Amino acid sequence: MKLRSLSLQDFRGATVPVVIPFEESKNLTMVFGENGTGKSSIVDAFSFVCDQTTGSLKDRKTADETYVTAITGNKANLRVKLEADTGTWEAAFKAKAASIIVTPDKDVPTVRILRRSQILRLIEAEPSKRYQELSNYIELPGVAKCEEALRKAAKSALEDYNRAVAERHTAEKNINDLWVKETSPGTGAEDWAKEEAAKNVTALAVLKTAAETLVAKLEELERKKTAWQSKTTALTTATGVLTSAETALKAAESASEGQGSLVELLREAKTFVDGQTGLANCPVCEKPADKQQLSGALEKRIKAMESIATLSKAYRDAQKQETLARTALNEAATNYVKELRSSSVAITSSTLEPIKVATLPTAELALVADVAKTEAECLAVEAAISGEITTLKTALDSAKADWAKTITLHNAITTYLDVLLKSRDKVVKTEELNRRAIGAAKVVEEARKQFVEAELLSIGTEVDRLYELMHPEEKLGGIQLSLDSNYKQSLNLTAKFHTVADITPQSLYSESHLDTLGFAVFFAMAKKYQTAGSLIILDDVVTSVDETHLDRFIKLLHDEADHFAHVLITTHYRPWRDRYKQHRAPGGKMHFIELRSWSMETGIRTYCAKSMIQELREALAAKDFNRRDISNLAGLLMENVLDWLTVRYGCRLARKLDPLYTLKELADAVSQKELVKVLRVKRLKTKDPEEWEETLLKDRIDEIKQLSAVRNQVGCHYNFDGSLVSDGDVEKFGKASLGLADLVCCPTNGDMPDRDKTGECWETRSRTVKLYPLRTPANG
Amino acid sequence: MKTPDETVSENITAALLEKGLVTAEDAKKLASKLARGEVKDSEWLTLLRMAVPQPKPTTKEGAE
């Protein structure tokens with residue numbers, strides 16, 4: 001994957017939309033900027049798209065993540081777009097939510113961001129926290145999730161097993177209790193229970209049901225008898241009432257001399273008189289009479305005879321009640337006799353044991369069972385039957401209870417035995433399942449730990465290798481990462497220090513050595529777990545290292561960069577950036593982006609930095625001839641190249657307290673005759689067939705020496721002599737400088753030959769430029 | 001190229017199979033599900049139950 005651009009809108013420092021272009025041909029990018037110019041915003045933009053997080057804001061516990069939106073921006077308008085040759089991805093906040101969405105959400109590039117704060121945490125943290133720092137690399141999210149589920153399953157299996165054991169225990173206890181209650185027959189509770197359970201209680205159930213049916217019938221017979229007896233009593237009472245009423249009426253009639261019927265006649269007469277108008281004479285005797293007086297006389301007579309009327313009504317009522325009681329008694333008798341007949345049949349046809357052994361009134365039972373017999377005949381013998389029936393019912397109840405008890409006990413034994421056998425089976429199965437779950441959990445845990453240990457071991461080896469590259473022959477290294485077996489997810493980090501092995505590096509290593517150690521750990525991790533589209537970002541990981549270590553660090557970075565799709569470096573450390581600019585490192589392989597100072601109005605501002613050769617070349621080619629710039633740039637470039645040559649060959653220079661040498665001094669030092677007569681460059685002209693072009697540097701250096709005054713006279717200081725220098729000399733100085741630099745530097749990568757691969761010469765990384773000799777020839 | 005999850009899942013499946021903790025049939029799909037983190041507790045129990053050897057049917061004397 002090759003990066004093309006990164007666009008930021010309303011994101012962090014991008015108060016104004018900004019596009020960061022990447023050179024597709026280079027897989028290394030350096031973003032250089034002083035503090036507060038927007039480096040972290042660019043790094044966080046990668047986190048936003050690739051990890052859907054707010055990056056460094058998320059890592060800082062006290063940071064407010066809402067400021068991922070530019071301070072002048074709008075959350076809804078926030079956009080980060082990453083464009084590569086394999087696709088384009090745009091990230092934004094989901095509407096009215098804090099979650100980040102990426103479109104499309106497939107094949108989003110993987111990014112590993114290494115921040116200086118992580119390095120410090122890794123080195124200084126306790127083993128458990130250290131594991132957390134690296135967990136993103138060495139954790140197995142899929143397996144870990146399943147392992148957690150397996151532990152849950154094992155716990156559940158154990159609970160099932162414990163439950164089954166408890167069920168078995170309860171069933172055993174229940175059976176034993178029954179056995180003891182039954183006076184512990186046989187050899188043991190379980191054998192007894194099995195024997196009891198094997199018994200067939202179906203016949204007993206049939207007998208019990210038959211007894212229940214017969215008892216119910218006898219109870220119904222008793223109810224019918226009670227009803228009959230009640231109706232008999234009621235008739236007796238009604239008959240008594242009738243007799244009393246009749247006697248009282250007769251006595252009253254007798255006392256009124258048989259004028260009982262006169263009352264009705266007088267009532268009718270009064271009704272007649274009250275209905276007449278203008279009545280002057282009595283209708284019976286036709287004598288003159290007053291209607292009022294006549295009605296009053298009739299009323300008086302009627303009242304005198306009213307007690308007879310009441311008695312007469314009572315007699316009539318008693319007659320009616322007697323008739324009703326008699327009818328009811330007849331009905332009850334019929335019902336009783338009917339039940340008596342059917343009960344007699346049921347009793348005589350029953351085979352139940354209590355009936356068999358009872359002394360039954362067989363003659364009376366036969367009589368009532370005979371339908372030819374009248375009710376009266378039946379009732380005449382019912383007393384003999386009902387007397388025996390009470391005894392018979394008691395015997396049946398007792399038998400029924402015995403059978404029910406036997407059946408209940410049998411059912412209980414069967415149930416408990418069933419539970420016992422099933423729980424035993426369950427115990428066996430759950431015990432096995434529990435054993436397997438524990439075994440499986442152990443397998444998963446061991447596999448995971450083995451993997452992590454192996455990973456740590458292999459990473460440790462790589463860390464050690466990287467560290468040795470940065471600190472050769474310093475008697476450090478021996479880096480080992482291992483899990484602490486006493487704690488879950490705890491990571492130990494040990495190293496050697498001279499003759500002592502297995503030390504904690506924090507105890508003896510210097511701060512810069514700890515920095516590079518942390519870097520080596522993360523870099524090895526990122527390298528191991530990189531994928532085809534992996535980006536790695538080194539966010540300000542180097543702060544202050546000496547020149548030697550910086551060169552080693554740069555060398556390591558270039559050697560390892562091809563393991564990743566792209567390496568992005570952000571730094572505010574100017575010496576690092578200058579190593580490239582000054583051709584001390586292969587700047588041709590690096591895309592430079594420099595950031596200018598940030599402001600609310602301008603946002604993040606970028607521009608492409610140029611190497612010294614590029615700057616001089618462009619100055620010479622410019623339409624407007626700038627004498628000062630050309631002299632200055634050429635002088636700086638030559639000082640740089642000649643300084644590098646004097647160091648490379650250990651050229652003699654006068655000692656100074658502050659080792660700053662002029663261009664002339666440097667050129668003279670390189671021009672010592674043993675060296676300059678053999679100092680030459682071979683450059684590859686064609687690859688196939690391989691053809692080299694060799695150039696002695698003596699003439700070039702001599703030309704620089706001759707023109708070196710131009711650098712100060714025109715390029716650096718105000719003086720009269722500078723005005724006397726012609727444009728031709730300035731251009732000549734510039735072109736001579738450019739020519740020498742072009743000869744020495746790699747046309748592809750821009751670095752100077754600093755690698756001894758053959759023991760014969762110095763080579764550039766591309767091996768297309770070779771510098772001879774390897775060492776300054778001995779004097780004489 | 002296999003992910004770490006895939007590699008370890010394959011190792012786990014092979015070890016479970018060797019120890020008779022899963023059936024050969026279940027093992028076929030287990031590795032990929034493990035790698036994706038898709039084996040839940042209930043499924044583990046099912047897998048482990050399936051692997052419990054069923055009691056062999058008793059054969060009558062002389063029967064083949």
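The questions below take up the chain, its cores, its helices and its salt bridges in turn.

Biologist: What should I know before reading the values?

Modeller: This is a predicted model, in which local features need pLDDT of at least 70 and side-chain atom pairs count only at pLDDT 80 or more, while totals for chains, interfaces and linings use all residues. Residues are numbered from 1 along each chain as its sequence is written, chains are lettered from A and ligands numbered from 1 in the order in which they are written, and side-chain values use heavy atoms, with hydrogens and water left out.

Biologist: What makes up chain A?

Modeller: Chain A has 25 helices and 18 strands. Helices (H or I, at least four residues) and strands (E, at least two) are DSSP runs, numbered from the N terminus. Of the 780 residues in chain A, 44% are buried. Buried means under 20% relative accessible area, exposed over 50%, and partly exposed in between (1.4 Å probe, protein chains only).

Biologist: Why is A:Ile71 called exposed?

Modeller: Its relative accessibility is 58%, and the cut-off for exposed is over 50%. A:Ile71 therefore counts as exposed. The residue lies in the loop between helix H2 (56–59) and strand E4 (79–84) of chain A.

Biologist: What is the largest nonpolar core?

Modeller: The term stands for a set of buried Ala, Val, Leu, Ile, Met, Phe, Trp, Tyr and Cys residues joined through side-chain atoms within 4.5 Å. The largest such core has 86 residues, and those touching the most other members are A:Ile138, A:Leu517, A:Phe519, A:Leu538, A:Trp576 and B:Trp44. Helix H13 (residues 375–470) of chain A gives the largest share of this core, 15 residues. A second, separate core has 46 residues, among them A:Leu633 and A:Val676.

Biologist: Which residues are in contact with B:Trp44?

Modeller: Contact means heavy atoms within 4.5 Å. Leaving aside neighbours within four places in sequence, B:Trp44 is in contact with residues including A:Cys146, A:Ala149, A:Val444 and B:Leu16.

Biologist: How do you know that the buried residues of H6(A) line one face of the helix?

Modeller: In helix H6 (residues 189–198) of chain A, the buried residues are A:Ala189, A:Trp192, A:Ala193 and A:Glu196. Seen down the axis, they fall within an arc of 100 degrees, so they line one face. The arc is that of the directions from the helix axis to the C-beta atoms. A:Glu195 and A:Ala198 are exposed on the other side of H6(A). The buried residues of H6(A) pack against helix H5 (141–181) and H13 of chain A.

Biologist: What puts the buried residues of H22(A) on the same side?

Modeller: In helix H22 (residues 698–707) of chain A, A:Ile701, A:Ile704 and A:Leu707 are buried. They cover an arc of only 130 degrees around the axis, which puts them on the same side of H22(A). The face turned away from this buried side carries the exposed residues A:Asp699 and A:Gln706.

Biologist: What makes A:Arg326 and A:Glu322 a salt bridge?

Modeller: A salt bridge is a side-chain nitrogen of Lys or Arg within 4 Å of a carboxyl oxygen of Asp or Glu. The N to O value for A:Arg326 and A:Glu322 is 2.5 Å, so the pair meets the definition. The two are 4 residues apart in helix H10 (residues 306–349) of chain A, and are therefore separated by about one helical turn.

Biologist: Why is A:Glu322 called buried?

Modeller: Its relative accessible area is 12%, and the cut-off for buried is under 20%. A:Arg326, with 40%, falls between the two cut-offs and is therefore partly exposed.

Biologist: How many salt bridges are there over all chains?

Modeller: A search of the whole structure finds 68. One of them joins A:Lys173 and A:Asp177 (3.2 Å, N to O).
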